[in-house]
Amino acid sequence: MKSIKRRRFTDKAAHWVIKLGGAAVIVVILALFIFIFLEVYPLLKDARVIDKKTFLLSESVIALKTDDQQEIACVLYKKGLVEFISLTDGAVIKKHPLSGLGNALITSVDMADNHLFIGTDDGRLLTVALSFSESFDQGVRIISPEVSEEEPLCFDDQKKPLKSIICKKSDSARVLIASSEDGRLLLRATEETTSLFGRGEKKEVVQDITGLISGAGRNDAPHLSPPDERLAMTPAVTSLALDHFLENLYVGASNGELFHFNISDKENPYLVEKIKASDTAITALGFLLGDVSLVVGDQRGGINVWMRVRDEALASGWALKRIHTLKSHNAAVIAIAPSFRDKGFLTAASDGTINLNHATSEQTLLTITTTAKPATIVFSPKANGALAVDENNTLYLWHISNPHPETTLKTLFGRVWYEGYEKPEFVWQSTGGTDDFEPKLSLTPLIFGTIKGTMYAMLFAVPVGVLAALYTSQFLHKTLKPIKPVIEIMAALPSVVLGFLAGLWLAPLIEKIFPAIIIFPLFILLFISFAIFLWNYIPPAFKGRYKHGAEALFLIPFIIIAAYVSIQLSGYCEHLLFSDDYRRWLNDILGLRYDQRNAVVVGFAIGFAIIPLIFTISEDAMNNVPKSLISASLALGATPWQTAMRVVLPTASPGVFSAIMIGFGRAVGETMIVLMATGNTPIMDWNIFNGFRALAANIAVEIPEAPMGGTLYRTLFLAAMLLFITTFLVNTVAETVRQKMKRRYSKL
Amino acid sequence: MEILIPDQIVNVINLSLYYGKTKALKEITLDVSKSKITSFIGPSGCGKSTLIRCINRMNDLIEDVKIEGEIKIDGCDIYAPDVDVTELRKRVGMVFQKPNPFPKSIFENVIYGPRVLGVKNKSVLKDLCEKALKRAALWDDVKERLHVNALDLSGGQQQRLCIARAIAMEPEIVLLDEPCSALDPIATSKIEDMLVELKKHYTVIIVTHNMQQAARISDYTGFFMLGKLMEFNVTTEIFTNPREKATEDYITGRFG
Amino acid sequence: MKKILKTGTPYIWLTACMLTISLLMIGGLILLIMVKGLGVFWPHEMVRFVLKDGSVVMGEIAKTESIPHIKDTYRTKLKIGNRDAFGLDFQWVDHEAVARREYPPDALAFERREWGNLYGFLKGLKVGENTKPISEQELEALIKESYALYKKIRHVEKRAIGNINYVMEKNRLTLRRLQALPSNADTQEKVNDIQVDVNRLESLYHTQENLLAELYQEARKQEVVVTISDGRERTLPVFQIIRMYAPNKMGVFAKVGFYISKFWEFVSAEPREANTEGGIFPAIFGTVMMVFIMSIAVVPLGVLTAVYLKEYAGDNIISRLVRISVSNLAGVPSIVFGVFGLGFFIYFIGGGIDSLFYSESLPTPTFGTGGILWASLTLSLLTVPVVVVATEEGLSSASKSVREGSYALGATKFETLWRVVLPQATPGILTGTILSMARAVGEVAPLMITGVVKLAPSLPLDSHYPFVHLERKFMHLGFHIYDVGFQSPNVEAAVPMVYTTTLVLVITVLTLNISAILLRNRLRKWYNSSAM
């Protein structure tokens, strides 16, 4: 015999365990939401500085570079010294005086990959290669920087200082562009062509292309200096940008004009377009990763992103257009440093503010400051840090956490002007073939797809489900009630089975007999009329026990025959209505494209999945309508149909509503059917003969490929959160309405 | 026991009713007089409700019901094959034991009958509603709130509403199946007063297990037992001078 | 006409029609799956078309249809097999182009372990350089013989070498863990021990490898020479043949026998040829095991919740919240559970387990990647409401009087629950469990991202300690359908098998559901009688 104490203890313990177990369900649903929310939340957070360091340098610096790990900075002093500085303690690791410089001073620098292109005050060009070689010694990584110089090149015959310089290389060619202090624009290109016999041939073009700016076209005598008056009319070149295709050269001018030259033929470069990009002087130009979008900074601090967009009005077919505008600085923009990872970039202004921007999302994620005017800035190779040197010779290092610069509410839901697009659009394209791919993460097409699929499914399922429920609850003969579990079994069919059949059986079938689908409803009506006619003439003895309420069974052969007849007449109907080929007809007359896996198929398949749901819940609701109300209505002389429509349906309407809501929730979240029965193309088009991509299917397709914690991963969590919230609201509303209805019935 | 009923409107002739194999009504014959209240009394399960439901063919809704004999209204057999049931029920209104207003507004409840018959004119419907509610002595209670949900009314009001709903169709006969069994005495007396008023316009047949009620309001009373009509006579006669022993036992409370 | 409309009868017929359509859809769907799924293994006659241009096509008839847009023309789709020779599995033949159609009785079909079926005529047996004629019976015997050899090869490949690899991998991980520790004499000794073991295993591996090479050499000695439809000769090692049959000579009984053996292979064997041939045993096994683990997780949670709602909760805010949670768990899309499972179970909990207990094998994740445990747990969250609802109904069957009887005898609430109420609710709990299983069997979307794979190298249950490997990925019937039907490189050849897989899945789901419905109906009857 157990002691009372122990029994009481057991009872208490059980009480708590059960209470906790009950509460566990709340915990589960909360955990579901909170966890998903926590994964989504960082998407909208701004960047932040994790760590900031400063080092004092001895002299003024003109260029700066760092390694992948941000452990070593390479600085180039104006007087011609390359120095490697440890970013952990500021110690100088290696010094390398540039021997090729001689007594000249450095006036301009361009950095590309691992090369420094240095312009001097005597018109020469130095190329310096830098490299960081890594080695491991007992698990410790050692970075040893290397410097090698190439032979200096005399760039400007007139030996004027090179104010700015730009250099790009491809496999077989190298193009150097420089602007001299006296306003000339110089081009020097070397191309290696491989002839038929495999012998390499080197070709060098040296040109003064100042005339292109002044509007005179190509200079006839490249090595002669242009007349002075022409020079006077030419706006001063302030900045240069050249893409890595060695084709498009952009030149910013002091009057705010932006010149676009095509230099694909190095001997005959020509002006493509000249636009007024700013009211004040353009002070900085820089390409974003991929060399398609051009960032333009001006004297007043304005920052805009420009891109060539298709424009049929222009002869070239392309026009430069401003696609993004970012937050302005308060002072002249002096430097632009693009990220090597995404479409982000740093801009520095003369007042010492440095902004971290992202072009696609048009947001300024972070503002950091230097004490004096920045001399040079650089984005670290992994885009997780920024370096700058100011005119007080202070070197700054910021470690930046900036995991999701490309997402804002606008990029997630709004129209965005992506690179290569003619106008702002809703696009979902999460991955691309190249490193400089711009992720397009607009959820709008997916939401659209979800709504489209759901809507077509509901169009099919609601009438069938609700009316079948009405019939079953009000008119079906009692002895035939076992039909109900059959429909319940329909609910149990796995959606993967429905999706498989929809995609591989139904879709090709519908494609083949599409006209039959159009005429099928007509034949159903025809055959029902015929059935009613027959029914009235069947001798009562033959009808047996089922006077009324067996109509559904009686109709089976008629509907089968109707289907058969419509399929048989499909070809004839196609001939008659659609001039022999309905696909061409749709395309020619209505301008609709027909996909095999389209919204009709999906609507049908999802409808199939939600009919039993709608049926069961609304049948329950209609069955629970008190019999006394039905008697009252009949006693008042209403026909059974009038009773059904005026009493049963309105009284059960909350139940029917919640049935529809629950069906809606199910359709919204349906994954496998949509995945298998549509082409999964994220297009926005109401065309019922097109496919679409829905949120749920999109998650299933993309999340296995999404690296954990990445932007895509979190965006997919956001999609899941949207689904969660939608279905949560729908279900809660449905549940509340149902509870209310229950209370109301207790009153009846 | 043959009594002469003046101005006959309903004739039940030798009516028997079977639920499956059980005989629930046994060879019943009686006549109902126009513009009078006829009440059916008897112990539970005696068949009085079954009989009243036969008069507007509500028993059609129940499976396995077989009927022998005839019921004539104005001389026409209502079980003849060419009779339209909805037409019949339009002429014979019915009020049930428990108030069963539709979960709609009071107005919608009252005009439900005319509506299903296809009356669409709003002012006609309003007039019908007012008239019916006045006759059901409910007008003064609800005229300010015709668009309130009928379920918000009290039980007695709900039952009067159901009566108003039945008479809004202008039936010739109103059947009441124990209309006061679910109500308190005050509500009951209100309904009784109303019924007495109603018989000016309609023939009323009421089933009740409350003998005092039958005695108070009805002109003719039929006493049923075990599916049989034991006695049918002018009310005063039945209550003061019953011919059958069973009737006497019942009304004096020695039975049931 | 107007009068008829007024009675409403046509509308009633219209609603009846909706029910009819629903019934026809479900009936038609099941019929479709049955017909398509059951017909797959029936041996079809082999037809040889001699075309008007003189070329010959031979194969099994897959289907015949009319050519669209051209009247009274037909074409036939032939399964021509011999993928290695022709490069495709199917070929359409227009009836216009056919000169002659024949059914050669000696046409043979060889089912191969690789490259699908081979159709042709038996030419002889090639041993070494010599080819000698051989009868079908003799070849049949040879195929049986070679099967023993094949089993031996499989044994060496799978078990012997597999075991060695397994132990090697264990050693490698132990070594890594030891190396991470500060080195002293003790660990040094262990490292040496492992080194010795590794050397031993390596020599063992080499002997097995040599054995395998020998076996293969022996197996390749006997080759069948077959003439295919275009007259070319193909040789085929005997041990590569799974079965050989002459469809045009088979009687009904032979065909039934063939059908049964094929069906048995389908449910009991492993898949071959990128899941398009062979069986689906690993998928069935994975599904069953996943459902089993899931029910272990879901039943306690579901029953506790139901008991709480029915027995312990009053009408307060918490119980209302629990109800809303339950109805929402039922309504939240399954893919959301999948996403949660991926983020929470796999990356959060699994990743945590890995860094605590399996750090030596990082960055290769052990529990930090999809696996049967995580898939099962994810599904158990999804199916909780099913168990809750059914259990609640079961609990209702214990009437108030029974409880009061128990209380009157001095039992505590828990004792009443445990000894009186729960035993009465058992059928309800069972119904819920079965229904949740049925739901889990058919669910695919959340599994796709929490651990299902198209081809799992090993079952989650095997002879290696600790026998049950909850971290392993697994195969699943539903996902198999999706994968083979939509991701397979050769969908056309794969689809017939998918129908059979679908049939297996549908039969499983329907059986579970029907038994749950029967159980529930019994419960309701019982409830009604006990309430009397």
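**Chain dimensions, interface and backbone geometry in a predicted model**

User: What share of the 748 residues of chain A counts as buried?
Analyst: The model is a predicted one. A residue is buried if 20 or more other C-beta atoms lie within 10 Å of its own. Across the 748 residues of chain A, the share that counts as buried is 49%.

User: What radius of gyration does chain A have?
Analyst: The C-alpha atoms of chain A fill a box of roughly 120 × 90 × 50 Å along the principal axes. For a compact globule of 748 residues, a radius of gyration near 27 Å would apply. Chain A, by contrast, has 37 Å.

User: Which share of the contacts in chain A with a separation of 6 or more comes from residues 24 or more positions apart?
Analyst: The secondary structure of chain A consists of 17 helices and 31 strands. Two residues are in contact if their C-beta atoms lie within 7 Å. Among the contacts in chain A with a separation of 6 or more, residues 24 or more positions apart account for 60%.

User: What distance separates the centres of domain 1 and domain 2 of chain C?
Analyst: Chain C is divided into domain 1 (46–123), domain 2 (132–220) and domain 3 (281–531). Taken over C-alpha atoms, the centres of domain 1 of chain C and domain 2 of chain C are separated by 43 Å.

User: Which element of chain C gives the largest share of the side that touches chain A?
Analyst: In this interface, 75 residues of chain C are in contact with 82 residues of chain A. The largest share of the chain C side is 19 residues, and these come from helix α2 (residues 9–39) of chain C.

User: Is Glu27(B) buried, partly exposed or exposed?
Analyst: Glu27(B) lies in strand β2 (residues 22–33) of chain B. Its phi is near 40 degrees, a positive value in a residue other than glycine. Because Glu27(B) has 14 C-beta neighbours inside 10 Å, it counts as partly exposed.

User: Is Arg57(B) buried or exposed?
Analyst: Arg57(B) is placed in the loop between α1 (48–55) and β4 (65–73) of chain B. Phi of Arg57(B) is also positive in a residue other than glycine, near 60 degrees. Since the residue has 20 C-beta neighbours inside 10 Å, Arg57(B) counts as buried.

Key. Residues numbered from 1 in each chain as written. Chains lettered and ligands numbered in written order. Predicted model: local features only at pLDDT ≥ 70, side-chain atom pairs only at ≥ 80, totals over all residues. Domains from an automatic or database assignment. Helix = DSSP H or I, 4+ residues; strand = E, 2+ residues; numbered from the N terminus. Rg over C-alpha atoms; globule rule 2.2 N^0.38 Å. Buried ≥ 20, exposed ≤ 12 C-beta atoms within 10 Å, placed from the backbone.
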